[in-house]
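Subject: Structure for your files

Dear colleague,

Here is the structure I promised to send. My notes on it follow below.

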Amino acid sequence: MLSLHAQVVEKAFSKDELSDKEGVKQCYVAAVLDGHGMLGEMVAEKAGHALVEDTCARAKKNGCNLLMQPPDKLKGALASAFEQAHQASLAVYDDPPSCISYPYDSLNKARYTLYRPNGLPVYRPDASCSRVCGDRLLECGTTCTMAVVQGDRLCIANVGDSAAALVSLSDGDVEAHFITTDHNGRNKNEAERITQNHSTSARISDDRGYLSVFAGMWAGLELSVTRALGHKHLEAHGVLCEPAVRSLSLQSEDTCLIIASDGVWDVMDAREAANRVMDVISGGGTAEEAARQLVRDTVMLAECSPDGDADNTSAVVLVFE
């Protein structure tokens, strides 16, 4: 996913265009998106393109000093960029493919055709798969965590549970801590928001912290996060696209940033991920090589776990100079 969104930046703006004033630091943008639902991969791609293009356009419009704006203005700018990505996600509902194969990367793919019984958009498996695959509602969205780095300034904006960890070196020891907010039912503020504003149609499940719809047309729908891009049918039940935004000044000991989907954080904590990344970087490897190794390690650990199954796994590593 890193290569996809990096290509968007390069295609939309040259390096000089993102730093075209004397004394202005180069501005870097990176994002990880983890799609949900049958069209989640499509949503993540479209949202990622829209988000990066809009953020880079805002950087250029502000004389490449995007992170030098007052906090409220910066937060508003990034919230607007997330809104653009959200609208790009919702556009998938307007023209969904009539037929798809799902899961995308599985040897056991099933062929689905779009139907609209009683007005509900539903993907139905072909007759040969109907015994093992049921109907699937057209409901899709994506998490999104984006980092903008300029000089010693870092800004993180996110919805969902794809998290970012800041890595530093202290007296030769690797340290790491999360700098993003997970948006799910285990987050006290998010649980209270759902309970206070949407208690007539949705609740937070006690066991997994999922948002669960129990009333109305979409009763029975569940989502593991309380904020995301897309998810057209769950907006009315509390799913927001407004990101949490955090800005901070990088210190001399800060070495790199890891952004990854929950597939990584389900099998290792921030420090273990940091150690694996730093092993590659200290050995002369690039940021891309470190991210690829982290993903390979994650898949190996997940496949060796009791469940034996690896979740969708994406990672980006930004190394600070």
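In which hand does α2 pass α3? The crossing is right-handed. Please keep in mind that this is a predicted model.

The α2/α3 pair

Helix α2 covers residues 40-61 and helix α3 residues 71-94. Their axes lie 8 Å apart and meet at an angle of about 150°. Since angles over 145 degrees count as roughly antiparallel, α2 is roughly antiparallel to α3. On the α2 side, the contact is made by M42, V43, K46, A47, A50, L51, D54, T55 and R58. These meet A77, L78, S80, A81, F82, Q84, A85, A88, S89 and V92 of α3. By type, the residues of this contact of α2 with α3 divide into 12 nonpolar, 4 polar and 3 charged.

The α6/α7 pair

The crossing of α6 and α7 is right-handed. From α6, the residues in the contact are E272, A273, R276, V277, V280 and I281, and from α7 they are E289, A290, Q293, L294, D297 and L301. The contact of α6 with α7 divides into 7 nonpolar, 1 polar and 4 charged residues.

The sheet

There is an open sheet of 3 strands, in the order β2-β7-β15, with antiparallel pairing. Strands β2 (35-36) and β15 (229-230) are at the edges. Each of these two has a single partner strand, so one side of each is left without a neighbour in the sheet. Strand β7 (residues 141-142) is joined to β15 by 2 bridges, and the two run antiparallel. In one of the pairings, T142 has L229 of β15 as its bridge partner.

G37

G37 sits in the loop between β2 and α2. Its relative accessible area is 36%, and G37 is therefore partly exposed. Leaving aside residues up to four places away in sequence, G37 touches Y102 and E139. The C-alpha atoms of G37 and P103 are 9.9 Å apart, while the two residues are separated by 66 residues along the chain.

That is what I have for now.

Regards

Notes. Residues are numbered from 1 along each chain as its sequence is written. This is a predicted model: local features need pLDDT of at least 70, side-chain atom pairs count only at pLDDT 80 or more; totals for chains, interfaces and linings use all residues. Side-chain values use heavy atoms; hydrogens and water are left out. Axes are lines fitted to C-alpha atoms, for helices over the stretch in contact, and angles run from 0 to 180 degrees between N-to-C directions. Helices (H or I, at least four residues) and strands (E, at least two) are DSSP runs, numbered from the N terminus. Angles under 35 degrees count as roughly parallel, over 145 as roughly antiparallel, 65 to 115 as roughly perpendicular and the rest as oblique. A crossing is left-handed if the near helix is turned anticlockwise from the far one by less than a right angle, and right-handed if clockwise. Contact means heavy atoms within 4.5 Å. Ala, Val, Leu, Ile, Met, Phe, Trp, Tyr, Cys and Pro count as nonpolar, Asp, Glu, Lys and Arg as charged, and the others, Gly among them, as polar. Two strands pair if DSSP finds at least two bridges between them. Buried means under 20% relative accessible area, exposed over 50%, partly exposed in between (1.4 Å probe, protein chains only).
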